[in-house]
Amino acid sequence: MTSKGTFENHYDDYNKDVNNILNVSKDGLSEKFLGKLQNFKSCKLHILTTKMESDIFYDGTIYTGSAGLALYHFMCAMGKNDNSYEGLKTVLEYINIENLKGRRISFLCGDAGPLALATVISYKIGTTRPNNFPDYKTLAQRLMSLISLLNDSPDELLYGKSGYLYALLFVNKHITGKEVIPASHIEKVILAILKSGKHFSTQMKSDSPLLWQWHDKIYLGAAHGMAGILYMLLQAREYINVTELRSFIKPTIDWLLNQRFPNGNFPSSLNSSSGDRLVQWCHGAPGFVPLWLLAHQEPLHLYRACCFMEWCAVERSGTELHRPDRPASLFEGLVGRLYLAEDITHISDAKFPALCL
(Lines give C-alpha, C1' and ligand atoms only; values in the text may rest on other atoms or scores of the structure.)
Protein backbone atom coordinates (compact mmCIF):
# COMPACT_ATOMS: atom_id res chain seq x y z
CA MET A 1 0.00 0.00 0.00
CA THR A 2 1.31 3.44 -0.89
CA SER A 3 0.49 6.82 0.60
CA LYS A 4 0.40 10.22 -1.04
CA GLY A 5 3.83 11.28 -2.29
CA THR A 6 5.31 7.76 -2.16
CA PHE A 7 5.82 4.99 -4.72
CA GLU A 8 5.27 1.28 -4.36
CA ASN A 9 8.46 -0.75 -3.91
CA HIS A 10 8.45 -3.72 -6.29
CA TYR A 11 11.93 -4.94 -5.34
CA ASP A 12 12.66 -7.92 -3.12
CA ASP A 13 14.73 -6.98 -0.10
CA TYR A 14 18.38 -7.98 0.11
CA ASN A 15 19.19 -11.67 0.18
CA LYS A 16 22.85 -12.59 0.57
CA ASP A 17 22.34 -15.85 -1.31
CA VAL A 18 20.26 -14.70 -4.28
CA ASN A 19 20.59 -11.44 -6.19
CA ASN A 20 21.89 -10.37 -9.60
CA ILE A 21 22.82 -6.83 -8.63
CA LEU A 22 25.89 -7.30 -6.43
CA ASN A 23 29.00 -9.27 -7.33
CA VAL A 24 29.95 -12.56 -5.70
CA SER A 25 32.01 -10.93 -2.94
CA LYS A 26 29.17 -8.45 -2.21
CA ASP A 27 31.51 -5.43 -2.26
CA GLY A 28 30.65 -4.16 -5.73
CA LEU A 29 28.24 -4.49 -8.64
CA SER A 30 27.65 -7.40 -10.99
CA GLU A 31 28.66 -7.17 -14.66
CA LYS A 32 24.99 -7.33 -15.63
CA PHE A 33 24.06 -4.35 -13.47
CA LEU A 34 27.13 -2.41 -14.60
CA GLY A 35 25.96 -2.92 -18.18
CA LYS A 36 22.54 -1.50 -17.33
CA LEU A 37 24.16 1.57 -15.78
CA GLN A 38 26.39 2.13 -18.82
CA ASN A 39 23.42 2.00 -21.17
CA PHE A 40 21.53 4.43 -18.96
CA LYS A 41 24.43 6.90 -18.85
CA SER A 42 25.01 6.81 -22.61
CA CYS A 43 21.34 7.35 -23.41
CA LYS A 44 20.70 10.12 -20.90
CA LEU A 45 23.94 11.99 -21.59
CA HIS A 46 22.97 12.14 -25.26
CA ILE A 47 19.54 13.55 -24.39
CA LEU A 48 21.08 16.00 -21.95
CA THR A 49 23.58 17.44 -24.44
CA THR A 50 21.11 17.64 -27.36
CA LYS A 51 17.46 18.13 -26.40
CA MET A 52 18.22 19.70 -23.00
CA GLU A 53 21.37 21.66 -23.85
CA SER A 54 19.81 25.08 -23.14
CA ASP A 55 18.79 23.92 -19.66
CA ILE A 56 22.38 23.02 -18.80
CA PHE A 57 23.49 26.63 -19.16
CA TYR A 58 20.78 28.13 -16.96
CA ASP A 59 23.64 29.48 -14.83
CA GLY A 60 27.27 28.62 -14.09
CA THR A 61 26.84 27.08 -10.65
CA ILE A 62 27.36 23.52 -9.47
CA TYR A 63 23.84 23.32 -8.06
CA THR A 64 21.63 24.29 -10.99
CA GLY A 65 23.99 25.15 -13.82
CA SER A 66 26.65 23.98 -16.22
CA ALA A 67 29.31 23.48 -13.54
CA GLY A 68 27.24 20.59 -12.21
CA LEU A 69 27.80 18.73 -15.48
CA ALA A 70 31.46 19.75 -15.31
CA LEU A 71 31.68 18.09 -11.89
CA TYR A 72 30.10 14.94 -13.32
CA HIS A 73 32.68 14.75 -16.12
CA PHE A 74 35.47 15.41 -13.63
CA MET A 75 34.28 12.55 -11.45
CA CYS A 76 34.15 10.26 -14.50
CA ALA A 77 37.75 11.14 -15.38
CA MET A 78 38.91 10.55 -11.82
CA GLY A 79 37.13 7.19 -11.73
CA LYS A 80 39.09 6.14 -14.80
CA ASN A 81 42.32 7.59 -13.36
CA ASP A 82 42.53 9.71 -16.49
CA ASN A 83 44.39 12.94 -15.72
CA SER A 84 45.28 13.66 -19.34
CA TYR A 85 44.02 16.63 -21.27
CA GLU A 86 41.85 14.32 -23.38
CA GLY A 87 40.23 12.91 -20.27
CA LEU A 88 39.57 16.30 -18.68
CA LYS A 89 38.95 18.63 -21.62
CA THR A 90 35.19 17.95 -21.56
CA VAL A 91 35.07 19.53 -18.10
CA LEU A 92 36.29 22.83 -19.53
CA GLU A 93 33.29 23.07 -21.84
CA TYR A 94 31.00 23.55 -18.86
CA ILE A 95 33.02 25.92 -16.67
CA ASN A 96 32.56 29.64 -17.23
CA ILE A 97 34.78 31.53 -14.81
CA GLU A 98 34.60 34.82 -16.70
CA ASN A 99 31.00 35.56 -15.71
CA LEU A 100 31.33 34.89 -11.98
CA LYS A 101 29.84 37.73 -9.94
CA GLY A 102 31.88 37.47 -6.74
CA ARG A 103 28.73 37.69 -4.59
CA ARG A 104 28.35 34.20 -3.17
CA ILE A 105 30.95 32.17 -1.35
CA SER A 106 29.80 28.54 -1.43
CA PHE A 107 30.77 25.55 -3.57
CA LEU A 108 27.24 24.68 -4.68
CA CYS A 109 25.55 28.02 -5.28
CA GLY A 110 28.45 30.47 -5.42
CA ASP A 111 31.69 31.23 -7.20
CA ALA A 112 33.76 28.89 -5.04
CA GLY A 113 32.53 25.75 -6.82
CA PRO A 114 33.47 26.67 -10.40
CA LEU A 115 36.73 28.25 -9.18
CA ALA A 116 37.74 25.20 -7.12
CA LEU A 117 36.97 22.87 -10.01
CA ALA A 118 38.80 25.11 -12.47
CA THR A 119 41.83 25.27 -10.16
CA VAL A 120 42.11 21.49 -10.04
CA ILE A 121 41.58 21.06 -13.79
CA SER A 122 44.15 23.75 -14.61
CA TYR A 123 46.71 22.02 -12.40
CA LYS A 124 46.07 18.58 -13.84
CA ILE A 125 46.26 19.57 -17.52
CA GLY A 126 49.20 21.92 -16.89
CA THR A 127 50.78 23.42 -20.01
CA THR A 128 48.23 21.72 -22.29
CA ARG A 129 45.47 24.03 -21.04
CA PRO A 130 43.89 26.45 -23.56
CA ASN A 131 45.62 29.82 -23.94
CA ASN A 132 42.66 31.69 -22.48
CA PHE A 133 42.41 29.47 -19.39
CA PRO A 134 44.30 30.78 -16.31
CA ASP A 135 46.97 28.78 -14.49
CA TYR A 136 46.00 27.06 -11.24
CA LYS A 137 47.82 29.54 -9.00
CA THR A 138 45.82 32.47 -10.41
CA LEU A 139 42.58 30.55 -9.97
CA ALA A 140 43.49 29.54 -6.41
CA GLN A 141 44.09 33.20 -5.57
CA ARG A 142 40.65 34.09 -6.91
CA LEU A 143 39.16 31.35 -4.77
CA MET A 144 40.98 32.54 -1.66
CA SER A 145 39.95 36.15 -2.30
CA LEU A 146 36.34 35.12 -1.68
CA ILE A 147 37.19 35.11 2.03
CA SER A 148 36.30 38.81 1.91
CA LEU A 149 32.65 37.62 1.86
CA LEU A 150 33.08 35.45 4.95
CA ASN A 151 31.67 37.74 7.63
CA ASP A 152 28.59 38.57 5.55
CA SER A 153 27.83 34.93 4.72
CA PRO A 154 25.71 32.44 6.69
CA ASP A 155 27.33 29.34 8.17
CA GLU A 156 25.40 26.66 6.26
CA LEU A 157 26.43 24.52 3.31
CA LEU A 158 24.32 25.69 0.37
CA TYR A 159 25.20 29.40 0.45
CA GLY A 160 27.59 29.90 3.32
CA LYS A 161 30.89 29.36 5.09
CA SER A 162 30.64 25.57 5.23
CA GLY A 163 30.21 25.51 1.46
CA TYR A 164 33.32 27.65 1.11
CA LEU A 165 35.23 25.32 3.44
CA TYR A 166 34.31 22.40 1.17
CA ALA A 167 35.72 24.24 -1.87
CA LEU A 168 39.05 24.81 -0.11
CA LEU A 169 39.28 21.18 1.03
CA PHE A 170 38.31 20.02 -2.48
CA VAL A 171 41.30 21.80 -4.02
CA ASN A 172 43.81 20.42 -1.54
CA LYS A 173 42.38 16.90 -1.84
CA HIS A 174 42.73 16.77 -5.62
CA ILE A 175 46.08 18.56 -5.87
CA THR A 176 48.31 16.27 -3.88
CA GLY A 177 51.85 17.01 -2.81
CA LYS A 178 51.23 20.77 -2.70
CA GLU A 179 49.53 23.03 -0.18
CA VAL A 180 47.71 25.11 -2.78
CA ILE A 181 45.35 26.48 -0.13
CA PRO A 182 47.44 27.32 2.97
CA ALA A 183 46.38 25.77 6.26
CA SER A 184 46.13 29.26 7.77
CA HIS A 185 43.46 30.19 5.23
CA ILE A 186 41.38 27.09 6.00
CA GLU A 187 41.77 27.67 9.73
CA LYS A 188 40.35 31.19 9.39
CA VAL A 189 37.17 29.78 7.86
CA ILE A 190 36.85 27.10 10.53
CA LEU A 191 37.42 29.67 13.28
CA ALA A 192 34.65 31.86 11.86
CA ILE A 193 32.20 28.92 11.79
CA LEU A 194 33.05 27.86 15.35
CA LYS A 195 32.93 31.44 16.65
CA SER A 196 29.47 31.92 15.16
CA GLY A 197 28.26 28.62 16.62
CA LYS A 198 29.55 29.40 20.10
CA HIS A 199 28.14 32.92 20.10
CA PHE A 200 24.65 31.87 19.03
CA SER A 201 24.60 28.97 21.49
CA THR A 202 25.44 31.33 24.33
CA GLN A 203 22.85 33.82 23.13
CA MET A 204 20.15 31.12 23.05
CA LYS A 205 21.32 29.50 26.33
CA SER A 206 21.32 26.19 24.49
CA ASP A 207 22.34 22.79 25.83
CA SER A 208 24.32 22.37 22.65
CA PRO A 209 27.75 24.03 22.82
CA LEU A 210 27.42 25.00 19.14
CA LEU A 211 24.29 26.32 17.47
CA TRP A 212 23.74 27.98 14.09
CA GLN A 213 20.77 29.66 12.45
CA TRP A 214 19.72 30.47 8.92
CA HIS A 215 16.87 32.88 8.12
CA ASP A 216 16.03 33.07 11.83
CA LYS A 217 15.56 29.30 12.19
CA ILE A 218 17.81 26.68 13.76
CA TYR A 219 17.84 24.22 10.88
CA LEU A 220 19.09 20.71 11.62
CA GLY A 221 19.56 19.14 8.17
CA ALA A 222 22.36 18.96 5.63
CA ALA A 223 21.71 21.85 3.25
CA HIS A 224 21.04 24.71 5.65
CA GLY A 225 21.59 23.25 9.07
CA MET A 226 23.73 21.67 11.68
CA ALA A 227 24.23 18.23 10.10
CA GLY A 228 25.90 19.76 7.05
CA ILE A 229 28.03 22.17 9.07
CA LEU A 230 29.20 19.52 11.53
CA TYR A 231 30.00 17.01 8.80
CA MET A 232 32.13 19.60 7.03
CA LEU A 233 33.98 20.41 10.25
CA LEU A 234 34.69 16.72 10.81
CA GLN A 235 36.19 16.46 7.35
CA ALA A 236 38.47 19.37 8.25
CA ARG A 237 39.40 17.97 11.66
CA GLU A 238 43.14 17.94 10.89
CA TYR A 239 42.91 21.74 11.04
CA ILE A 240 41.01 21.76 14.37
CA ASN A 241 42.62 21.34 17.78
CA VAL A 242 41.62 18.46 20.04
CA THR A 243 39.97 20.70 22.63
CA GLU A 244 37.54 22.12 20.09
CA LEU A 245 36.69 18.62 18.86
CA ARG A 246 36.12 17.16 22.32
CA SER A 247 34.51 20.11 24.06
CA PHE A 248 32.37 21.58 21.30
CA ILE A 249 31.97 19.46 18.15
CA LYS A 250 31.44 16.00 19.72
CA PRO A 251 28.87 17.12 22.34
CA THR A 252 27.04 19.09 19.64
CA ILE A 253 26.76 15.92 17.55
CA ASP A 254 25.46 14.06 20.61
CA TRP A 255 22.88 16.81 21.17
CA LEU A 256 21.83 16.66 17.51
CA LEU A 257 21.36 12.90 17.67
CA ASN A 258 18.93 13.39 20.54
CA GLN A 259 16.66 15.56 18.37
CA ARG A 260 15.50 12.51 16.39
CA PHE A 261 11.89 11.46 16.12
CA PRO A 262 11.18 7.89 17.40
CA ASN A 263 11.19 6.57 13.81
CA GLY A 264 14.70 7.94 13.14
CA ASN A 265 13.74 10.98 11.07
CA PHE A 266 14.61 14.53 12.11
CA PRO A 267 12.62 17.76 12.24
CA SER A 268 13.60 20.36 9.66
CA SER A 269 14.39 22.88 12.39
CA LEU A 270 14.37 23.09 16.16
CA ASN A 271 10.80 23.29 17.49
CA SER A 272 9.48 23.00 13.93
CA SER A 273 5.72 23.02 13.44
CA SER A 274 5.96 20.89 10.28
CA GLY A 275 6.42 17.73 12.34
CA ASP A 276 7.69 14.42 11.00
CA ARG A 277 6.99 15.20 7.36
CA LEU A 278 10.11 16.13 5.40
CA VAL A 279 12.37 13.29 4.30
CA GLN A 280 14.58 14.81 1.59
CA TRP A 281 18.33 15.41 1.71
CA CYS A 282 18.14 19.08 2.66
CA HIS A 283 15.57 18.59 5.48
CA GLY A 284 15.26 15.08 6.85
CA ALA A 285 17.07 11.89 7.77
CA PRO A 286 18.88 11.31 4.42
CA GLY A 287 21.06 14.36 5.02
CA PHE A 288 22.18 12.99 8.37
CA VAL A 289 23.45 9.65 7.02
CA PRO A 290 27.00 10.83 6.16
CA LEU A 291 27.32 12.24 9.66
CA TRP A 292 26.29 9.01 11.38
CA LEU A 293 27.85 6.26 9.32
CA LEU A 294 29.39 5.16 6.05
CA ALA A 295 26.47 3.06 4.87
CA HIS A 296 28.15 1.68 1.71
CA GLN A 297 30.23 -0.71 3.91
CA GLU A 298 27.15 -2.78 4.56
CA PRO A 299 25.97 -5.03 1.60
CA LEU A 300 22.31 -4.54 2.57
CA HIS A 301 22.50 -0.77 2.00
CA LEU A 302 24.57 -1.15 -1.17
CA TYR A 303 21.92 -3.49 -2.59
CA ARG A 304 19.12 -1.08 -1.71
CA ALA A 305 21.04 1.84 -3.23
CA CYS A 306 21.40 -0.14 -6.46
CA CYS A 307 17.67 -0.91 -6.52
CA PHE A 308 16.99 2.80 -6.13
CA MET A 309 19.37 3.57 -8.98
CA GLU A 310 17.62 1.05 -11.22
CA TRP A 311 14.26 2.57 -10.30
CA CYS A 312 15.62 6.02 -11.22
CA ALA A 313 16.89 4.75 -14.57
CA VAL A 314 13.53 3.60 -15.89
CA GLU A 315 11.05 6.12 -17.26
CA ARG A 316 7.66 5.70 -15.56
CA SER A 317 4.56 7.79 -16.06
CA GLY A 318 3.47 9.49 -12.89
CA THR A 319 6.76 9.22 -11.02
CA GLU A 320 7.70 12.85 -11.65
CA LEU A 321 5.19 14.60 -9.45
CA HIS A 322 6.08 17.97 -10.96
CA ARG A 323 8.66 19.13 -13.45
CA PRO A 324 11.82 20.32 -11.70
CA ASP A 325 12.68 24.00 -12.03
CA ARG A 326 16.04 23.02 -13.56
CA PRO A 327 15.48 19.62 -15.24
CA ALA A 328 19.07 19.33 -16.50
CA SER A 329 20.80 20.19 -13.23
CA LEU A 330 22.87 18.24 -10.72
CA PHE A 331 20.61 18.74 -7.71
CA GLU A 332 17.21 19.03 -9.39
CA GLY A 333 17.45 17.12 -12.64
CA LEU A 334 19.04 14.60 -14.97
CA VAL A 335 22.69 15.30 -14.14
CA GLY A 336 21.94 14.12 -10.61
CA ARG A 337 20.85 10.71 -11.88
CA LEU A 338 23.89 10.50 -14.14
CA TYR A 339 26.13 11.37 -11.20
CA LEU A 340 24.56 8.64 -9.08
CA ALA A 341 24.92 6.09 -11.90
CA GLU A 342 28.62 6.90 -12.32
CA ASP A 343 29.32 7.13 -8.59
CA ILE A 344 27.76 3.80 -7.77
CA THR A 345 30.03 2.03 -10.25
CA HIS A 346 33.01 3.02 -8.06
CA ILE A 347 31.34 2.23 -4.77
CA SER A 348 34.44 2.33 -2.57
CA ASP A 349 34.97 5.95 -3.62
CA ALA A 350 31.30 6.98 -3.83
CA LYS A 351 30.60 10.34 -2.21
CA PHE A 352 27.67 12.74 -2.07
CA PRO A 353 28.61 15.74 -4.27
CA ALA A 354 29.74 18.89 -2.45
CA LEU A 355 29.33 17.23 0.96
CA CYS A 356 31.73 14.28 1.16
CA LEU A 357 35.37 14.65 0.14
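**The nonpolar core and its surroundings**

The largest nonpolar core of this protein has 107 residues, and those with the most contacts inside it are Leu143, Leu165, Phe170 and Leu233. Helix 3, which spans residues 66-79, gives the most to this core, with nine residues. The structure described here is a predicted model.

Which residues does Leu233 touch, not counting residues up to four places away in sequence? Its partners are Leu165, Ile190, Ile193, Leu194, Trp212, Ile240 and Ile249. Among these partners, Leu165 also belongs to the residues with the most contacts inside the core.

The wider architecture can now be considered. The protein contains 13 helices and zero strands, so that its pattern along the sequence reads α-α-α-α-α-α-α-α-α-α-α-α-α. Of the contacts with a separation of 6 or more, 63% are accounted for by residues 24 or more positions apart. Buried residues make up 48% of the 357 residues.

A search of the whole structure finds one cavity of 30 Å³ or more, and the largest cavity has a volume of about 40 Å³. Its lining includes Asp155, Glu156, Gln213, Trp214 and His224. Trp212, a contact of Leu233, is also part of this lining. By type, the lining residues divide into six nonpolar, three polar and two charged.

How values were computed. Residues are numbered from 1 along each chain as its sequence is written. This is a predicted model: local features need pLDDT of at least 70, side-chain atom pairs count only at pLDDT 80 or more; totals for chains, interfaces and linings use all residues. Side-chain values use heavy atoms; hydrogens and water are left out. Helices (H or I, at least four residues) and strands (E, at least two) are DSSP runs, numbered from the N terminus. Buried means under 20% relative accessible area, exposed over 50%, partly exposed in between (1.4 Å probe, protein chains only). Contact means heavy atoms within 4.5 Å. On a 1 Å grid over the protein atoms alone, a cavity is a set of points where a 1.4 Å probe fits but cannot get out, and a pocket is an open set with protein on both sides within 12 Å along at least five of seven lines; lining residues have an atom within 4 Å of a point. Grid points are joined across faces, edges and corners, and a volume is the space filled by probe spheres set on the points. Ala, Val, Leu, Ile, Met, Phe, Trp, Tyr, Cys and Pro count as nonpolar, Asp, Glu, Lys and Arg as charged, and the others, Gly among them, as polar. A nonpolar core is a set of buried Ala, Val, Leu, Ile, Met, Phe, Trp, Tyr and Cys residues joined through side-chain atoms within 4.5 Å.
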